[in-house]
Amino acid sequence: MGNPALSFVAIELLTGLATAAVLFLVSCGLSLIFGVTRIVNFAHGSFYMLGAYIAYSLVSRAGGPVGFWGGLLLASAAVGLIGVAMEVFVLRRLYGGPELFPLLATFGVVLVVEDAVLAIWGPQDLLGPRAPGLKGAIEVFGHRFPSYELFLIALGVGVAGGLWLLVHRTRWGTLVRAATQDWEMVGALGVRQATLFTGVFFVGAFLAGLGGAVQLPLEAADHQMDLSIIIEAFVVVVVGGMGSIAGAFLASVIIGELQTFGILVFPKLTLVLIFVVMAVVLVIRPQGLLGRPQPEAGMNRAVEVGTGAGFQVPAVLLYTLCALVLAVPLVSGNYGRVVLTEVATLSLFAASLYFMMGPGGLVSFGHAAYFGLGAYGVALLVAKLGWGMAAALAAAGVLAGVGALVFGWFCVRLSGVYFAMLTLAFAQMVWAAAVQWDALTGGDNGVLGVWPAPWAGNKLVFCYLALGLCGGCVALLRRVLRAPFGYTLRAGRDSALRCDAIGIDVRRHQWLAFSLAGLFAGISGGLYALSKGGVFPTVMSVSRSIDAIVMVLLGGLETMAGSPVGAAVFTGLREQIGSLTDYWRAVVGAIIIALVIAFPRGIVGFIGARAARLAQGGR
Amino acid sequence: MLSVRGLNTFYGQAHILSDLELEVARGEVVVLLGRNGAGKSTTLKSVIGLVRPVCGEIRFHGRSIRGLPPYAVSRLGIGYVPEERRIFTELTVMENLEVGRRPARPGAPGWTVDRIFALFPNLGEMRWRGAAMMSGGEQQMLAVARTLMGNPALLLLDEPSEGLAPLIVSRMAQMVRELKSEGLTVVLAEQNLRFAALVGDRAYVIEKGRIRHSGTMTQLAADEPSWAAYLAV
């Protein structure tokens with residue numbers, strides 16, 4: 001190949017394939033697990049991270065080729081067993097329940113693993129030794145190309161082939177494919193699903209661990225690798241088609257190449273780019289490139305826990321509670337006021353998510369986008385343009401509402417997991433813009449000097465302002481749910497088909513609910529920015545979106561009153577635990593897991609069910 | 001062989017089965033007759049464990065099986081063929097049979113792929129075909145064949161004649177008789193009276209989740225006026 005430009009492209013293609021290979025190792029397991037168990041496994045990134053860290057410990061202790069390659073395999077097997085443990089001790093208790101709960105439990109595992117890694121390996125980045133026998137480079141098209149990366153490409157292809165044989169040429173694979181289509185029927189034919197699921201988790205976790213382990217000689221193991229890989233792997237799985245291994249292979253290549261060439265062509269847009277691709281694929285071909293259309297969207301069914309019906313919080317209790325909350329700032333110090341302000345803003349944030357998630361059945365993984373739009377809206381208007389507080393807050397709500405109107409138009413065309421993934425993609429785009437568009441947003445430095453108007457500058461006054469505004473907004477949302485609009489929304493969630501048949505435009509109602517939820521999330525975000533005096537891209541990170549889901553589920557999906565309770569409990573826990581230990585994430589994670597297993601109906605739902613039982617004569 | 005007493009099953013608040021009683025002896029073909037929504041399918045699903053009855057007793061060979069998960073019930077020797085067939089359309093005919101394959105069981109007819117294809121010759125002709133490419137009748141045969149591969153002693157058949165052409169229905173009836181002659185016990189949910197009469201030894205008439213009438217097929221034929229109203233649409 002004489003042409004230098006062409007051979008450069010060829011080398012970059014190879015580099016992209018090496019990236020794709022590792023991505024495939026992680027995402028094929030994710031896809032396999034989703035296909036069979038219908039669980040969106042957030043902990044898959046943690047498996048990848050554990051693979052890297054465990055491999056580091058093994059490889060740096062035992063030297064030589066046997067130590068190195070044996071260490072990588074041993075690390076992968078160890079991670080496989082950790083995956084088995086997660087399935088047996090946590091997830092197995094949740095099958096047959098709402099489908100969101102296993103997902104939340106896996107997020108709890110993510111938090112626990114993050115802190116476990118911190119405790120065991122410390123905060124520093126760890127770079128592993130280079131692979132014995134593959135330290136050099138090979139001449140390819142007149143360029144030197146690292147032989148280890150060639151090995152990665154071969155490994156990726158080999159694993160893809162091996163996995164294909166396993167799934168298409170063994171009895172186990174036949175059962176897995178049958179279970180992917182109809183696991184209940186497989187059970188009725190005498191196959192114990194739990195054993196099958198455990199095996200699937202072992203294979204998935206093993207491959208993710210292998211992905212992390214083989215990455216070690218290239219990039220240092222660090223504490224962000226779990227979330228960064230899981231987002232990419234989600235993109236791959238969604239683009240390729242949930243449950244399709246061939247799809248995961250194809251999509252890994254596309255995303256790997258896109259990242260490699262994206263850095264060369266649009267260095268500022270790399271983060272946005274892959275999410276644009278995902279959004280485009282989801283809108284044009286919702287089931288992914290090689291996925292099969294799903295007749296029933298998993299997650300809609302997942303959240304129906306008798307939502308909205310039955311249990312109502314007694315009015316007396318509600319007013320007493322409100323009065324108590326209103327009395328707190330008077331007696332508490334400034335610290336208490338600050339915490340209460342945060343609880344108020346997060347209550348509105350959680351309630352706005354509840355609005356679409358409970359009665360609407362729309363589980364968003366990217367609600368933080370609208371919180372962030374509101375926060376950045378207020379911050380930029382106040383700090384850069386000198387707007388007044390009230391006008392900026394109103395404008396923030398409008399900005400977030402318009403954002404939700406635009407993104408929502410795309411999102412409501414999908415349902416279930418695909419809906420959730422598209423909301424996540426949009427949220428990541430907004431987040432990436434905040435990080436990379438530093439001329440406007442200040443990048444990672446954020447926007448500072450965002451203070452409330454002088455009359456509200458006092459912590460006590462601002463606390464009441466937040467309580468009043470958020471309380472009013474929550475009451476308004478609650479009122480909307482009791483209007484015909486709210487009933488229609490529920491009807492659309494419970495049976496979109498029947499609603500269509502009687503002439504209700506379900507999609508339009510969902511779109512409106514999405515936009516309203518975005519608008520109120522924007523207001524809460526604006527208040528949050530004012531209370532903190534500034535904003536950073538973290539206001540709309542993935543974990544904030546997950547926090548919101550956790551708050552809603554903590555409160556329970558049966559009543560809107562649950563969401564503020566969930567927000568209060570979540571914030572309180574984090575504050576309390578944060579003051580006691582550095583490992584608050586692990587504790588919060590463990591609490592999430594425990595709550596999901598012990599209180600599947602949320603705190604308020606649980607109390608409601610107990611109250612109903614007592615009323616029935618204490619059965 | 002199968003004995004059901006005082007069975008009550010709910011879907012949410014809806015009471016589907018009320019104090020249902022059934023007795024099935026070895027080697028019999030017992031028909032559950034009833035309209036759509038009468039509770040026939042729910043009865044079969046309660047036995048296999050796909051729905052959980054609130055109370056009552058289900059005994060198989062004297063052993064209580066209520067509350068067991070479907071896989072455990074299946075492993076005791078009860079085969080279930082659902083009304084919607086639930087064929088694995090992504091798999092071939094052979095792979096569908098493979099999913100159903102279980103070890104042989106003493107006291108129950110043993111099935112191999114060859115014996116299955118002797119019973120259903122046209123399945124043998126399309127063994128590598130994807131199940132999605134089969135007609136309704138072929139899918140019904142595959143659904144039965146797949147369950148037989150588990151070597152059940154008792155077969156629960158949910159409306160095998162539903163939606164099939166008359167010619168195929170009579171082949172289904174012949175198949176049920178052949179299975180009976182193999183020594184298999186069959187419980188059949190059916191609303192097609194003629195099909196029931198072709199294959200059944202005894203029948204229970206179900207309406208609104210209760211047994212309204214029961215007897216041998218000849219007894220039932222004799223006093224048809226007393227129960228026919230339960231089947232009329």
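In α8(A), A:Ile231, A:Phe234 and A:Val238 meet A:Tyr418, A:Met421, A:Leu424 and A:Gln428 of α16(A); contact means heavy atoms within 4.5 Å. Helices (H or I, at least four residues) and strands (E, at least two) are DSSP runs, numbered from the N terminus. The residues of this contact comprise six nonpolar, one polar and no charged. Here Ala, Val, Leu, Ile, Met, Phe, Trp, Tyr, Cys and Pro count as nonpolar, Asp, Glu, Lys and Arg as charged, and the others, Gly among them, as polar.

The model is predicted, with local features needing pLDDT of at least 70 and side-chain atom pairs pLDDT 80 or more, while totals for chains, interfaces and linings use all residues. Residues are numbered from 1 along each chain as its sequence is written, chains are lettered from A and ligands numbered from 1 in the order in which they are written, and side-chain values use heavy atoms, leaving out hydrogens and water.

Helix α8 spans residues 225–240 of chain A, and helix α16 spans residues 416–436 of chain A. The two pack at an angle of about 130°, with their axes 11 Å apart. Axes are lines fitted to C-alpha atoms, for helices over the stretch in contact, and angles run from 0 to 180 degrees between N-to-C directions. The angle makes α8(A) oblique to α16(A). Angles under 35 degrees count as roughly parallel, over 145 as roughly antiparallel, 65 to 115 as roughly perpendicular and the rest as oblique. The crossing of α8(A) past α16(A) is left-handed; that term applies if the near helix is turned anticlockwise from the far one by less than a right angle, and right-handed applies if clockwise.

From α1(A), A:Leu32, A:Gly35 and A:Val36 meet A:Val176, A:Ala179, A:Thr180 and A:Trp183 in α6(A). This contact has five nonpolar, two polar and no charged residues.

Helices α18 (residues 459–482) and α19 (residues 484–494) of chain A cross at roughly 70°, and their axes come within 4 Å. That makes α18(A) roughly perpendicular to α19(A). On the α18(A) side, the contact is made by A:Val480, A:Leu481 and A:Arg482. On the α19(A) side, A:Pro484, A:Phe485, A:Gly486, A:Tyr487, A:Leu489 and A:Arg490 take part. By class, six residues are nonpolar, one is polar and two are charged.

Chain A is assigned domain 1 (15–295) and domain 2 (337–541); such bounds come from an automatic or database domain assignment. The domain centres, taken over C-alpha atoms, are separated by 32 Å. Domain 1 of chain A gives 25 residues to the contact, and domain 2 of chain A gives 19 residues.

Strands β1 (residues 137–140) and β2 (residues 143–146) of chain A pair in the antiparallel sense over four bridges; two strands pair if DSSP finds at least two bridges between them. A:Ala137 stands opposite A:Pro146 in β2(A). Two residues lie between the strands, and A:Phe141 in the turn has a positive phi of about 50°.

In chain B, six strands form an open sheet of mixed pairing, in the order β6-β7-β8-β3-β9-β10. Strands β6 (78–81) and β10 (210–216) of chain B are at the edges, each pairing on one side only. The twist averages 15° from one strand to the next. Helix α1 (residues 40–48) of chain B packs on this sheet and touches β3 (29–33), β6, β7, β8 (185–190) and β9 (202–207) of chain B. The direction of α1(B) makes about 145° with that of β7(B). Helix α6 (residues 136–148) of chain B also packs on the sheet, touching β6 and β7 of chain B. The direction of α6(B) makes about 165° with that of β6(B). Strands β6(B) and β7(B) (residues 154–158) run parallel, joined by four bridges. B:Val81 stands opposite B:Leu157 in β7(B).

Four strands of chain B form an open antiparallel sheet in the order β2-β1-β4-β5. Its edge strands are β2 (14–24) and β5 (63–64) of chain B. Helix α1(B) packs on this sheet, touching β1 (2–11), β2 and β4 of chain B. Strands β1(B) and β2(B) pair over seven bridges. B:Tyr11 has B:Ala14 as its bridge partner in β2(B). In their hairpin, B:Gly12 takes a positive phi near 65°.
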